[in-house]
Structure formats: C-alpha cells, structure tokens
Amino acid sequence: MSGAAIGGGRMLERTGFRHCPRCAAAALVAHEDKACRCQACGFRYYQNSAAAVVGVVEHQGRLVLARRARAPQQGLWSMPGGFVNDRESLEEAMVREAREEIGVEVKIVGYLGSTWNEYPFGGVTYLSTDALFHCRLDHLAGLTAGDEVTEIALLAPQDIDAGCLAFESYRLALSLYRARQAGASR
Ligand SMILES: [Zn+2]
C-alpha cells in the first residue's frame, strides 16, 4: 500500500493517524466521519465522542472559577470538570473532577443541559459531549487549587466576563445557569 491510500476523512484529519494500529500498514482510509478502516487487514477503529462533565459550582450565589495552569487555553478560566473515566457515571465524574481540581465535595443540584466541544491536545483534536451540571458547595473549607489550576475565584454570575472562559461549553453552562436563576426568581 502506498501513502496515497490515506484518506481525507474527518477522523483521520482530527487525529493525524497514518498507520494501522494493528498491522502498521499505511493503508488507513476514512470510514464514515468518525472512523477509519485499514485496507490491508480490515481493522476498523471508531473515535466516538468522549463523555465529559462541566459544573457551575455555586456557593451562596457566587460561582467558583479556576484559572487553567495548562494548555489548552492556559490562563483562561475554567469551571470544574473533565472527561468521564471508564465505568463511571456522569454524576460520579462531576464530583471526582471537582474534588481533584478544587479540593472540595460538591453536591449536584440539577442538570442544566448538554453540548459538544472540540478539545485540541497534543496535536489531536478530541471531540466531547459535555453534560452541564449545577452544583452547590456548602462551605469553602478545603477549597484549594489542584495541580491543573493556578488560582480560584468566587464571582457573582453577572460579574463573569464570558470572554474570559476557556471553552464554549462554559459559556453555555453560564448562560443556562443565569437563565434558570432568572426564571426561579420571577
Ligand atoms: Zn491494518
């Protein structure tokens, strides 16, 4: 097989994969949008959207934001969250990610909605499906910046500049939270 067999499918573009992970032939071609197929050995690989969680973490009307210590979007503000582990529920992932990133146990108040996201990392663009949760923090004891965070801030929702948020899913989570709070106070 020649390199010319490498297709221009979206999954191959996102990953930069060139060789079959099973037989090492440079014979990968696109198979639908999210998969590739090896023309040499028949191997098929699907890169499905990864499940992820985002938490709007509220403490007495203010929201907890964490400044990102690492790429991507280093220096911009994040909400606690991340990719769901194998054999973990969305709710378990939300509580674990908050514990890892800001050092506290959050309570999930409700589900705000979901969206999709593109997460470029190490030359590969990962796709995620983000579940957005409203979480509550009863007290601030233990609130600390984890390894992936340089600084933590507590801000009133109306004072948050959406342009300083690292990802579109955070902006959506903020707007859904604001809309829900506005509806609740009517
Ligand atoms: Zn192969």
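Four bridges join β1 to β2 (residues 35-38), and the two strands run antiparallel. In this predicted model, the pair belongs to an open sheet of three strands. The strand order is β1-β2-β3, with antiparallel pairing. β1 (28-31) and β3 (44-46) form the edges, each pairing on one side only. On average, neighbouring strands of the sheet are turned by 25° against each other, direction ignored.

L28 has C38 of β2 as its bridge partner. Three residues lie between the strands in the hairpin of β1 and β2. Among them, E32 takes a positive phi near 55°. β2 also pairs with β3, in the antiparallel sense and over three bridges. Here C36 stands opposite Y45 in β3. The hairpin of β2 and β3 has five residues between the strands. G42 in this hairpin takes a positive phi near 85°.

The side chains of β2 alternate between two faces. C36 and C38 point to one face and are buried.

The domain assignment divides the protein chain into domain 1 (3-46) and domain 2 (50-184). The C-alpha centres of domain 1 and domain 2 lie 34 Å apart.

The largest nonpolar core comprises 34 residues. V53, V56, V57, A98 and A173 have the most contacts inside this core. Two or more residues each come from β4 (50-59), β5 (62-68), α2 (90-102), β9 (124-136) and α3 (168-184). A second, separate core has six residues. M11, L28, C36 and C38 are included in this second core. In soluble globular proteins, nonpolar side chains tend to be buried together.

α3 contains 17 residues. From its first C-alpha to its last, α3 reaches 24 Å, close to the 24 Å expected at 1.5 Å a residue. The buried residues of α3 are S169, Y170, L172, A173, L174 and Y177. Their cover includes β4, β6 (77-78), β8 (107-121) and β9. Apart from neighbours within four places in sequence, A173 is in contact with V54, V56, M79, L112 and L132. One of these partners, V56, is, like A173, among the residues with the most contacts inside the largest core.

Methods. Residues are numbered from 1 along each chain as its sequence is written. This is a predicted model: local features need pLDDT of at least 70, side-chain atom pairs count only at pLDDT 80 or more; totals for chains, interfaces and linings use all residues. Domain bounds come from an automatic or database domain assignment. A nonpolar core is a set of buried Ala, Val, Leu, Ile, Met, Phe, Trp, Tyr and Cys residues joined through C-beta atoms within 7 Å. A residue is buried if 20 or more other C-beta atoms lie within 10 Å of its own, exposed if 12 or fewer, and partly exposed in between; C-beta atoms are placed from the backbone. Two residues are in contact if their C-beta atoms, placed from the backbone, lie within 7 Å. The expected span of a helix is 1.5 Å times one less than its number of residues. Two strands pair if DSSP finds at least two bridges between them. Axes are lines fitted to C-alpha atoms, for helices over the stretch in contact, and angles run from 0 to 180 degrees between N-to-C directions.
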